[in-house]
Amino acid sequence: MIRLPRLPRPVLRGAGTLTATAILAFALIIAVTGALMTRHAINVSFTEQMQIERAQLSLERMLKIQLDEENYVRAYVITRDPSDLDSYRAVSGQFQNERNTLAGILQREGLSDALGALEDYEMAHRDWHTQVANPMLRAPSTAVRELEKRGKMLVESQSGAARFIEQRLDRRNRDVLSSTQQQINNTLYQRMIWLVVFGLIAILLNGWRSRLTSALEDERLTTQTLQRAFRSEHVPLPNCRIGSAYGAASSHLAVGGDVFDVHQLSDRLGLIVIADVSGKGVDAAVLTAFIKFTIRGIALRRRDPGFILQEFNRAFPRTVGNPYLFVSMFVGILDTWTLRLDYASAGHDIAFVRRGKNVEQLAVTGPVLGVMEEPFDVKTLYLEDGDMIVLSTDGLTEARDSHGNFLEASGAMKWIAEEGEDPTQLAGRLIERARARSSNTMRDDVAVLAIAVKRPSALPPKRGTETGTTAGIEAIADV
Amino acid sequence: MYKHALLTLVLLAGIVTAASAAQQQPCHAQRGMHVTLFGGVDDPDVLVWDSRNRLVNYGAGSTDTRRFLLPHAMLTRPGTRAVVESCVAGIVHQKFSMDADDAVGVLIVTGKFRGRYGWVSSSDLRGKGIPEAREPW
């Protein structure tokens, strides 16, 4: 009983590819998300830094205003120039705007202690106006040392508060920078971790893939070996030109369940076989070898196509052990001297004979093999000079056009009639046309065997009686 | 047993004392040093206080406290020269500041208040061996 090893399933390869793609997509998402997060963190940090810089600028302006106010007051006390007074009033009006800007930013940044210092600053500034500047401006000539002391005290209060606000803004700026750096680092570390994880997964997947590839390579080598062993082949027969072609449905597997064989049984007799095993792939290919050599063996014992099919039909189910497998087969024995063809067909109706431009279909003489045990009729056909036997498997008649219509036997006969007389070219062309009809996506293998006969000019010397022949073959021997 | 405990306590006390002494920074202004009084760029006048406590209270006090203390201060012009009489390190804490200045007792040797003694913050002193005051404040 033939037992074949289980090979890796294509679905596993598909799952592996899908997983690898998913991991790659996930890694890309992580990378892009990380980049976006970094960009966001930098953006937030930049905005905050801008705010802090604006606050620092406002504080500097407030200090400048304070200094200008003092200078204008002193200048007015000394010179009594009204323009100094105008300048003093002009700069004093700007203080509140800067103070409001600074207060808003401090509030947004959550610097409540700096806000408290700002209040002190404002209060000292207001006191300086009311208790120092205004009395000096009202009575410049009576400016006394006590006012100067008070002014000194209030200026020191403002400076102390401003210094504190500046320190808090500086610290906040450093915190923002540090936080941003931390955030960027965290994002970077996370991305690194993810990338390491993905890398490890990729390495694992690559190992798995390598093992799978190795298994596939083993399968390919096995298939090639089987292909060499089980290849359909033909040997030259006297007075015959033989052509054959094989079209595989799967490009990567050039061996399938279709088989043909031309074997020389004797000087004048040739065995012609074509068969189609149900099923595909290596399983079917193994069976083709079984068919080829079994048929040869039976044919060597008795050259009766009906007997050959009957014997094979008995052996097939017992050997294969699979009740669902069946074989359609055409077996012919050609007398190359008389061009007499005895044939039996087990459900194989894709057998034709071309005479000039006329093509006839050879009749089926029994059921497919592997289904029931029945005798097979033998039919005899006398070929003429230039006639051609064209045998094919159902991949030819079942070639679909773009609408899904089969070629059928009638279409095949038409194609055969249209082709030239060279059997090799005819076989190749039939495969090409079948492939073109199905838009290069053939669903089934196709095997074509074409044998053109030529009447011999003179019969070779008689060498005795053929043994193990049928009645027809005996008749041939008598010729 | 008790001897060991006592010894341990003594050792611990010694370590703590040594550590605190090591942490305390010495005064930059040394007795006899000649210095110049200078407040700052924006207001270089210097307040010289009649007592060390008022100097300390002024530094850390509110505006009202300061106003209350103000009559006890002399406002000296920038550039007034003085001689250091004493120094207490790190006791003048300014409001809104973590830093502390030294309280320096000086004898004023030039200007309107020549011959008067008083206390100033070390940030208002300039002289050889005394670090520059904070700028621009």
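1. In this predicted model, helix 2 (residues 82-108) of chain A and helix 3 (residues 112-138) of chain A have axes that come within 10 Å and cross at roughly 170°. Angles over 145 degrees count as roughly antiparallel, and helix 2 of chain A and helix 3 of chain A are therefore roughly antiparallel to each other. On the side of helix 2 of chain A, the residues that meet helix 3 of chain A include A:Leu85, A:Phe95, A:Arg99 and A:Leu102, while among those that helix 3 of chain A brings to the contact are A:Ala114, A:Leu118, A:Glu122 and A:His125. Sorted by class, the residues of this contact divide into 9 nonpolar, 2 polar and 2 charged.

2. Chain A as a whole contains 10 helices and 11 strands, and 37% of its 479 residues count as buried. If one takes the contacts in chain A between residues at least 6 apart in sequence, 73% of them join residues at least 24 apart.

3. An open sheet of 5 strands in chain A, with antiparallel pairing, has the order 2-11-10-7-8. Its edge strands are strand 2 (240-247) and strand 8 (358-361) of chain A, each of which pairs on one side only, and the twist averages 15° from one strand to the next. Within this sheet, strand 7 (residues 351-355) of chain A and strand 10 (residues 388-392) of chain A run antiparallel and are joined by 4 bridges; A:Phe352, for instance, has A:Val390 in strand 10 of chain A as its bridge partner.

4. Which strands does helix 8 (residues 408-418) of chain A touch as it packs on the sheet? The helix touches strand 7, strand 8 and strand 10 of chain A, and its direction makes about 145° with that of strand 8 of chain A. Helix 9 (residues 423-437) of chain A, for its part, lies across strand 2, strand 10 and strand 11 (446-453) of chain A, and runs at about 20° to strand 2 of chain A.

5. Strand 3 (residues 258-264) of chain A is mostly covered, with 5 of its 7 residues buried. Strand 1 (residues 233-234) of chain A runs parallel to strand 3 of chain A and is joined to it by 2 bridges, whereas strand 4 (residues 269-277) of chain A pairs with strand 3 of chain A in the antiparallel sense over 7 bridges.

6. Why can strand 6 (residues 340-346) of chain A be described as largely enclosed by the rest of the structure? The reason lies in the burial of its residues, because 6 of the 7 are buried. Strand 5 (residues 327-335) of chain A runs antiparallel to strand 6 of chain A, with 6 bridges between them, and A:Ile333 stands opposite A:Asp342 in strand 6 of chain A. The hairpin of these two strands has 4 residues between them, and in this hairpin A:Leu339 takes a positive phi near 60°. Strand 6 of chain A also pairs in the antiparallel sense with strand 9 (residues 379-382) of chain A, over 4 bridges, and here A:Arg340 stands opposite A:Tyr382 in strand 9 of chain A.

7. Helix 6 (residues 305-320) of chain A has 16 residues and reaches 22 Å from its first C-alpha to its last, which is close to the 22 Å expected at 1.5 Å a residue. Its buried residues include A:Pro305, A:Ile308, A:Phe312, A:Phe316 and A:Val320. An α-helix has 3.6 residues a turn, so residues three or four places apart point the same way. Just after helix 6 of chain A, A:Gly321 takes a positive phi of about 70°.

8. Chain B has 3 helices and 7 strands, and from the N terminus on its elements run α-β-β-α-α-β-β-β-β-β. Buried residues make up 34% of its 137 residues. Where the two chains meet, 15 residues of chain B are in contact with 19 residues of chain A. On the side of chain B that touches chain A, helix 3 (63-69) and strand 3 (73-76) of chain B are the elements that give two or more residues, and helix 3 of chain B gives the most, with 3 residues. By class, this side of chain B has 6 nonpolar, 3 polar and 6 charged residues.

Terms used. Residues are numbered from 1 along each chain as its sequence is written. Chains are lettered from A and ligands numbered from 1 in the order in which they are written. This is a predicted model: local features need pLDDT of at least 70, side-chain atom pairs count only at pLDDT 80 or more; totals for chains, interfaces and linings use all residues. The expected span of a helix is 1.5 Å times one less than its number of residues. A residue is buried if 20 or more other C-beta atoms lie within 10 Å of its own, exposed if 12 or fewer, and partly exposed in between; C-beta atoms are placed from the backbone. Two strands pair if DSSP finds at least two bridges between them. Axes are lines fitted to C-alpha atoms, for helices over the stretch in contact, and angles run from 0 to 180 degrees between N-to-C directions. Two residues are in contact if their C-beta atoms, placed from the backbone, lie within 7 Å. Angles under 35 degrees count as roughly parallel, over 145 as roughly antiparallel, 65 to 115 as roughly perpendicular and the rest as oblique. Ala, Val, Leu, Ile, Met, Phe, Trp, Tyr, Cys and Pro count as nonpolar, Asp, Glu, Lys and Arg as charged, and the others, Gly among them, as polar.
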